[in-house]
Amino acid sequence: MTRVAFIGLGNMGGGMAANQAKAGREVMAFDLSATALDKAAAAGCARAPSAAEAVKDADAVITMLPAGPHVRQVYAEQILPNAPRSALLIDSSTIDVESARAVAAEAKAAGFRFADAPVSGGTAAADAGSLAFMVGCDEADFAEVEAMIAPMSRATIRAGDHGAGQAAKICNNMVLGISMIGVCEAFALAEKLGLEGERFFEIASKSSGQCWSLTSYCPFPGPVPAAPSNRNYEGGFATAMMLKDLKLAQEAAAKAGAATPLGATAEGLYALFDRLGGGSKDFSAILEMLRGNAPSRA
Ligand code: NAD
């Protein structure tokens, strides 16, 4: 039986680890949170007392941690000193390209194969095993990475070498942040012009304004029943997480000398919404700020 060590069992990692167990793999799970570990155990994973113990006999190690510093620390202190050299290492957290490349270099120097494999799709897709993975790894390792990811994925695409998966993720989420603000501004303007939101949706979704933020994740409640706008913007993809990703894009753009003025504006608007108290709301709740409402009423 394939042995998978899974480190980081939060909103995303919990569902992902459960899908590895459902696929018949032996999952050794670890998280600093006892609650997260309890949930993973209830979903068929085995509890490990530490990350070091979890990876000890692993065929593959998958990490789903909050940010770059967590990933650097867990790999340097727990995984690289304790996993067998044959283990395939996959980090699915969203982190900065520099940290992904640094961890890949350390892993390679220690004799491991490593892939950065961040995801798109949110918690519902994590639970359903239908995430999209963007992978940065050596070409020779991709087939094995894809097979290891399969129970959690509806699409796995190799973006390029180490760090390219994170580059793809950061660019994708910059598009998402910008397009969501565009869609929200249009709903707020339509309202001021006396145009009903439902009518605007019906027209724009069949016109050149059509995009994922409008037709799959509509920030205006009603037209897309599964969208967080119908649940008072609870759950989904938190504003604070979107802000983290937009910051990563701006840091990467500054280092690369790329001009991303709309990305910078989107970061500023999400930072303002976060500061006004919208951090835990889904990122589509920024519609309320653009309508002139306080986040507490969102
Ligand atoms: P989360 O905060 O719910 O989960 C992170 C987990 O990591 C927590 O349970 C925490 O206890 C654990 N952790 C932190 N340090 C640890 C350590 N040293 N050892 C073991 N466990 C540790 O976050 P999440 O929503 O699951 O997101 C995880 C990653 O996925 C982030 O990088 C995020 O940007 C990315 N992401 C999230 C979404 C989403 O919709 N939530 C979508 C795509 C990508």
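Predicted model: local features only at pLDDT ≥ 70, side-chain atom pairs only at ≥ 80, totals over all residues.
Residues are numbered from 1 along each chain as its sequence is written, and side-chain values use heavy atoms, with hydrogens and water left out.

Let's start with the ligand. Around the ligand there are 22 residues, counted as near if one of their heavy atoms lies within 4 Å. Asn11, Met12, Asp31, Pro66 and Lys244 come nearest. By class, this shell has 11 nonpolar, 8 polar and 3 charged residues; Ala, Val, Leu, Ile, Met, Phe, Trp, Tyr, Cys and Pro count as nonpolar, Asp, Glu, Lys and Arg as charged, and the others, Gly among them, as polar.

Where does the ligand lie? Domain 1 (3–162) and domain 2 (170–290) both give residues to the shell, so the ligand lies between them; the bounds come from an automatic or database domain assignment. Helix 4 (68–82) and helix 11 (239–256) each supply at least two shell residues, helices being DSSP runs of H or I, at least four residues, numbered from the N terminus.

Now the contacts with ligand oxygen atoms. A side-chain N or O atom of Asp31 sits 2.6 Å from one. From the backbone, an N or O atom of Pro66 is at 2.9 Å, and one of Leu65 is at 3.1 Å. The protein buries 86% of the 840 Å² that the ligand exposes when taken alone, by the Shrake-Rupley method with a 1.4 Å probe.

Finally, the whole structure has 1 cavity of 30 Å³ or more. On a 1 Å grid over the protein atoms alone, a cavity is where a 1.4 Å probe fits but cannot get out, and a pocket is an open set with protein on both sides within 12 Å along at least five of seven lines; lining residues have an atom within 4 Å of a point. Grid points are joined across faces, edges and corners, and volume is the space filled by probe spheres set on them. Phe187, Glu191, Leu195, Gly197, Phe220 and Arg291 line the largest cavity.

Terms used:
Polar contact = N/O pair within 3.5 Å; in protein donor to acceptor, adjacent residues only side chain to side chain.
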